[in-house]
Amino acid sequence: MRRKILESIIKHPKTATTTFIRSKTSVAEYVASRFRDPTFEKLMDKYKNLLKVISVQDLILATPTKNNNDPPSLSLDFLSGLSQKLHLNRGPTHFLRKYPHIFHIFYDPIKSQPSCRLTDIAIQISRQEAEAINASLPVVIERLVRLLMMSTSTSKSLPLRAIFKVWRELGLPDDFEDSVIAKNPHIFALGNGHEPNTHVLKLVDEMPKREFTAAVGNWRVMECCGEDCKIDRMELRYYFKQGFPSGMRLSKDFKAKVKEWQRLPYVGPYEELVGKNKTKAGMKRLEKRAVAIVHEFLSLTVEKMVEVEKISHFRKPFGIDFNIRDLFLDHPGVFYLSTKGKRHTVFLREAYERAQLIEPNSVYQVRRKLFDLVLLGRHDLAVFDLKSRELDQRGDCGLQEEESD
């Protein structure tokens, strides 16, 4: 898997997709006009540096070593050649020196050139993440099954290349083709795709059918059982949890449209969609079904967030006839779209509070350790622990200001 990451970074083909773009406003104008949530923007401002760290870390770990006891290393000359693709604007040396608790720069006497490797604590975190993923394999398998069950194809299949795009987001092992797919032939099967040299992942025909409840369905049950529930029980079955940041002004017209949309019936993500009603009312229901599908997709990810480009690869298999980005922008109470770091990233709003997951899982908690090292930067660990406690008391969640690359 890490070798494939290395190859994809060196040579990354762009794929074209056909989408339905709104006619009155361009996508760029619509994105620019959105309300910016300062909590998510501050989180993403730091998270974009974590993504760069992960890219370099994966390259280092993908480098073969002659001796298994030797930690993998990478020459700075090699990294310099990838600076543009990795968005290391001021070069690899400047970037690596910003994170001395993650990367160690040294002179390799054998190669006679400066190189870099991971620090002991970074290697330890990487191993802890692998252990957490392996310990949660039953959950990972169910995530894959749920994704396949949302496919509109009769064979319940998805392009394997789409799964590769989000393997980290789903908490899959980097060798999931062998450790998950091949080891569970009673659940998964690989078949040939419609295009040459492509494969699809599908559920085996002999697998017993299961009835899945979407994450929003579980929320509705909890909400319905609550003593302070103010929503009519019959209407609640189509509701989505909404949350708007302070400072966002909601007009009466917008509130009325949200209320009307909440009451709109739709076919759930795990239910069979029989035909597509192209009337105005039918398209509204299809749009709400699309929202339900991407809501469930985000609920299945480790960090309840994903790049828009990655989730777009599932648009056709999920039978979504709408622009994915527009779905996120049209429903700011359910999703939040950030454009930080030259990428569009969507968050499931209800899953977060003060820039952290409300219900963290074991993989997220380990990844948060690496994020903490990114936030630490050049600071000393003892100083960082003290500052973190002070920031937590203020509600800043450790997102202190630091120089960005």
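**Figure 1. Overview of the chain.** The chain has 17 helices and 11 strands; helices (H or I, at least four residues) and strands (E, at least two) are DSSP runs, numbered from the N terminus. This is a predicted model, in which local features need pLDDT of at least 70, side-chain atom pairs count only at pLDDT 80 or more, and totals for chains, interfaces and linings use all residues. Residues are numbered from 1 along each chain as its sequence is written, and side-chain values use heavy atoms, with hydrogens and water left out. Of the 405 residues, 50% count as buried; buried means under 20% relative accessible area, exposed means over 50%, and partly exposed lies in between (1.4 Å probe, protein chains only). Among contacts with a separation of 6 or more, 67% are between residues 24 or more positions apart, where contact means heavy atoms within 4.5 Å.

**Figure 2. The stacked rings of F40 and Y336.** A search of the whole structure finds 17 aromatic pairs. Rings of Phe, Tyr and Trp (its six-membered ring) pair if their centres lie within 6.5 Å; planes under 30 degrees apart count as stacked, over 60 as edge-to-face and the rest as tilted. The ring centres of F40 and Y336 are 5.2 Å apart and their planes meet at 20°, so this pair is stacked. Because F40 belongs to helix 3 (residues 38-61) and Y336 to strand 8 (residues 335-338), the pair ties together parts that are 296 residues apart in sequence. F40 is buried, with a relative accessible area of 5%, and Y336 is buried at 3%. Ring pairs link F40, Y336, F347 and Y352 into a cluster.

Figure 3. Strand 8 and strand 9 (residues 345-348) pair in the antiparallel sense over 4 bridges, and S338 stands opposite T345 in strand 9.

**Figure 4. Strands 1, 2 and 3.** Strand 1 (residues 73-75) pairs with strand 3 (residues 113-118) in the antiparallel sense over 3 bridges. Strand 2 (residues 103-108) is joined to strand 3 by 6 bridges, and these two strands run antiparallel. R117 of strand 3 is the bridge partner of S73, and H104 also stands opposite R117. The hairpin of strand 2 and strand 3 has 4 residues between the strands, and S112 takes a positive phi near 55° there.

**Figure 5. The largest nonpolar core.** A nonpolar core is a set of buried Ala, Val, Leu, Ile, Met, Phe, Trp, Tyr and Cys residues joined through side-chain atoms within 4.5 Å. Of the 108 residues in the largest one, I102, F103 and F188 touch the most other members. Helix 3 gives the most to this core, with 11 residues. Beyond four places in sequence, the residues that F188 touches include I141, L144, V180 and L203. In soluble globular proteins, nonpolar side chains tend to be buried together.

**Figure 6. Charged ends over aromatic rings.** A charge sits over a ring if NZ of Lys or CZ of Arg is within 6 Å of the ring centre and within 35 degrees of the ring normal. The charged end of R220 sits over the ring of F240, 5.2 Å from its centre. K288 lies over the face of W261, at 4.7 Å from the ring centre.

**Figure 7. The surroundings of G243.** G243 lies in the loop between helix 11 (233-236) and helix 12 (252-262). This glycine is partly exposed, with a relative accessible area of 26%. Apart from neighbours within four places in sequence, G243 is in contact with P332, G333 and R349.

Notes
Pairing = 2+ DSSP bridges.
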